[in-house]
Structure formats: structure tokens, C-alpha cells
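I opened a new entry for this chain. I wanted its fold layout, its overall size and its aromatic contacts.

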Amino acid sequence: MRQYKTVYGLLKNPERWTRGATARTKRHGAECLAQYGSTFCLLGATQRVYGHGTPKETRADDLIDQTIRALYPRFSTTNEFNDARSTTHQDVLRVVRKAGV
């Protein structure tokens, strides 16, 4: 399993981002835990990079939430932003760059 240092590093390839699930498997696209995934939503990416339930993951999630509220105030949660049909891969990268994660 490849280690990534940042959420941006993990999600910079659009084929690594998904909607509607924390993570998905490469083979069938089935929903799975982030540690087994090959594609990730924003929250799944923080779990994969920083470890699920760790202080670093919590801090990254908080920074992403704050950034989404500042840049896209119509969204109230990370999941709502990530899963919206109007959200693009570039929007996701903008958030993680601004959040510094």
C-alpha cells in the first residue's frame, strides 16, 4: 500500500477521487474502508493519509470543513460538498490546497 504525505498528493489524480462512499475498491468499485480503497472521498482521503481516528485526521477534517465553509458557504458538511453533482475534481483540489492538507 503506497503511503501519501498529503491529501492533495493522494487526490491530485482525478481517478483517485470518488463520490458517495468513503472509499471504493479498484477491482469492483465497491464501498470499503479507506485502508483498503483505491479511490476516496475527501474524508476517506484524510483517513488514508493520517490514519482513521487520529488527532492528525481530526485536524485535517476540521481544516477541510472550515475551508469548504469559507469557499463554498452553501455546503454545510464535507460530505455534502464532496458528493454534490456540481462539485468538480478541481473544486476538491482547491479545498485541500487552501486547507493545507
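My notes on these points follow.

I worked from a predicted model, in which local features need pLDDT of at least 70, side-chain atom pairs count only at pLDDT 80 or more, and totals for chains, interfaces and linings use all residues. Residues are numbered from 1 along each chain as its sequence is written, and side-chain values use heavy atoms, with hydrogens and water left out.

I looked up the secondary structure first. The protein chain has five helices and two strands, as DSSP runs (H or I, at least four residues, for helices; E, at least two, for strands). From the N terminus on, I read the order α-β-β-α-α-α-α.

Next I checked size. I found 45% of the 101 residues buried, that is, under 20% relative accessible area with a 1.4 Å probe, protein chains only.

Then I turned to the aromatic rings. Rings of Phe, Tyr and Trp (its six-membered ring) pair if their centres lie within 6.5 Å; planes under 30 degrees apart count as stacked, over 60 as edge-to-face and the rest as tilted. I got two aromatic pairs. Tyr-72 and Phe-81 have ring centres 5.0 Å apart and planes at 35°, so this pair is tilted. Phe-75 and Phe-81, with centres 5.5 Å apart and planes at 75°, are edge-to-face. Tyr-72, Phe-75 and Phe-81 form one aromatic cluster. Phe-81 is buried at 0% relative accessibility; Tyr-72 is buried at 8%, and Phe-75 is buried at 8%.

Methods: Buried < 20%, exposed > 50% of the residue type's maximum accessible area, 1.4 Å probe, protein only.
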